[in-house]
Amino acid sequence: DFPILESLVINDCKYLKWDLDMLRGMPLLKDLCFIGNDAMTGNIESLRTLKNALESLEILNCPNVVGNFMDLADFPRLKQLGLRSTSVTGDIRDIEEQDFSVLKGLHLPKTVVGGDGYRFQRIS
């Protein structure tokens, strides 16, 4: 456990066995970045323990990470969300007006309907 850790980056550790459930012991994480970690597993729903702290989430090229991106829709501080090359699913048509209220950047995998090659814009 690292109860006061605010930023965690794990990059290109292809054989590091890591599950997203392990983040429960890091409740103050604001910035989380995992890139190219083939052995990483878990469901992004387990990130709900970080709901009130998380500001930036990048999980890229981690094919064993699953879940529905909408599980993160009500995170009040989430400004950046990148989930490219994961097995996360969902449908951008499920996004409602109150969802992702402060989001500035969104990059979704091809496994999300409408998620590849589109730019997320808030129109008010």
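Predicted model: local features only at pLDDT ≥ 70, side-chain atom pairs only at ≥ 80, totals over all residues.

Student: What makes the pair of Asp74 and Lys51 a salt bridge?

Tutor: The cut-off is 4 Å between a side-chain nitrogen of Lys or Arg and a carboxyl oxygen of Asp or Glu. Asp74 and Lys51 come in at 3.1 Å, so the pair qualifies.

Student: Where do Asp74 and Lys51 lie along the chain?

Tutor: Asp74 is in the loop between β6 (65–66) and β7 (80–82), while Lys51 is in the loop between β4 (40–43) and β5 (56–60). The pair therefore ties together parts 23 residues apart in sequence.

Student: Which residues are linked with Asp74 in a network of salt bridges?

Tutor: Arg48, Lys51 and Asp74 are linked in that network. The total count of salt bridges is 5.

Student: How do you know that Glu6 and Lys30 belong in that count?

Tutor: Their N to O distance is 3.9 Å, and the limit is 4 Å, so the pair passes. Glu6 sits in the segment before β1 (7–11) and Lys30 in the loop between β2 (18–19) and β3 (31–35), 24 residues apart. Glu6 is partly exposed at 40%, and Lys30 is partly exposed at 30%.

Student: What about Asp21 and Arg24, and why do they get the accessibility labels they do?

Tutor: Asp21 and Arg24 form a salt bridge at 3.6 Å. Arg24 has 53% relative accessibility; exposed means over 50%, so Arg24 is exposed. Asp21, at 39%, is partly exposed.

Student: Which residues does Ser46 contact, leaving aside its neighbours within four places in sequence?

Tutor: Leu20 and Asp21. Ser46 itself is in the loop between β4 and β5, and its side chain reaches the backbone oxygen of Asn43 at 2.8 Å.

Student: How many disulfides does a search of the whole structure find?

Tutor: It finds 0. A disulfide needs two cysteine sulfur atoms within 2.5 Å. For Cys13 the closest cysteine sulfur is in Cys62, 10 Å away, so that is too far for a bond. For Cys62 the closest is in Cys33, at 8.8 Å, so that is too far as well. Cys62 is buried at 0%, whereas Cys13 is partly exposed at 31%.

Student: What order do the strands of the open sheet take, and what sense is the pairing?

Tutor: The 5 strands run β1-β3-β5-β7-β9, and the pairing is parallel.

Student: Why are β1 and β9 said to stand at the edges?

Tutor: Because β1 and β9 (105–107) each have a single partner strand, one side of each is left without a neighbour in the sheet. Neighbouring strands of this sheet are turned by 10 degrees against each other on average, direction ignored.

Student: What makes β5 and β7 a pair?

Tutor: Pairing takes at least two bridges, and β5 and β7 have 3 in the parallel sense, so they pair. As for bridge partners, Ser56 has Gln80 in β7.

Methods
Residues numbered from 1 in each chain as written. Heavy atoms only, no water. Buried < 20%, exposed > 50% of the residue type's maximum accessible area, 1.4 Å probe, protein only. Helix = DSSP H or I, 4+ residues; strand = E, 2+ residues; numbered from the N terminus. Polar contact = N/O pair within 3.5 Å; in protein donor to acceptor, adjacent residues only side chain to side chain. Contact = heavy atoms within 4.5 Å. Axes fitted to C-alpha atoms, helices over the stretch in contact; angles between N-to-C directions.
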